[in-house]
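Hi there,

Here is the structure I promised to pass on to you.

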Amino acid sequence: MTGFIYAIGCKKLVKIGFSKKPILRLNKINSDAPFRCTLYGMMPGTRDQERQLHAELIAFKVHSEWFRHKGAVAKFVTRLKPPPSRLERAPINSFDAYFIL
């Protein structure tokens, strides 16, 4: 299944996950988290690529899909496309359209 591999930050942790709609995923995580979370960015990917990435970052794993935001995790986050501001327009059916709230 194709969708997006995303990184959501909360305090000093980063959740690396997979979703077809990362903004909706962020909203769900924010409704459950004790602190405000931020979507750092995303890139096109698959569930298999997400699992492979988790395996590569195992040394930074805290729990489930949550990792310490340092080392290879911090480097991965810098490679992601950050979401545009809410005021930016994105063409329908484009990669950027998934950022629109």
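**Charged pairs and nonpolar cores**

Arg51 is partly exposed, with a relative accessible area of 48%. (Buried means under 20% relative accessible area, exposed over 50%, and partly exposed in between, using a 1.4 Å probe and protein chains only.) Before going on, a word on where this comes from: the model is predicted, so local features need pLDDT of at least 70 and side-chain atom pairs count only at pLDDT 80 or more, while totals for chains, interfaces and linings use all residues. Residues are numbered from 1 along each chain as its sequence is written, and side-chain values use heavy atoms, with hydrogens and water left out.

Back to Arg51: its side chain forms a salt bridge with that of Asp48, at 2.7 Å from N to O. (A salt bridge is a side-chain nitrogen of Lys or Arg within 4 Å of a carboxyl oxygen of Asp or Glu.) Asp48 is exposed, at 54%. The two sit 3 residues apart in helix H2 (residues 47–56), so about one helical turn separates them. (Helices, H or I with at least four residues, and strands, E with at least two, are DSSP runs numbered from the N terminus.)

How many salt bridges does a search of the whole structure find? The search gives 3. Another one joins Asp32 and Lys28, with their closest N and O atoms 2.9 Å apart. These residues are 4 apart in helix H1 (residues 22–32), again about one helical turn. Asp32 is exposed at 53%, and Lys28 is partly exposed at 42%.

Then there is Lys15 with Glu65, a salt bridge of 2.4 Å from N to O. Lys15 belongs to strand S2 (residues 13–19) and Glu65 to the loop between strand S4 (61–63) and strand S5 (66–68), so this pair ties together parts that are 50 residues apart in sequence. Lys15 is buried, at 6%, whereas Glu65 is partly exposed, at 21%.

Now for the nonpolar side. The largest nonpolar core has 12 residues, including Ile5, Val14, Leu57 and Phe76. (Such a core is a set of buried Ala, Val, Leu, Ile, Met, Phe, Trp, Tyr and Cys residues joined through side-chain atoms within 4.5 Å.) Strand S1 (2–10), S2 and helix H3 (71–79) each supply at least two of its residues, and H3 gives the most, with 3. Apart from this core lies another one of 10 residues, among them Tyr6, Ile8, Ile23 and Met42.

Cheers
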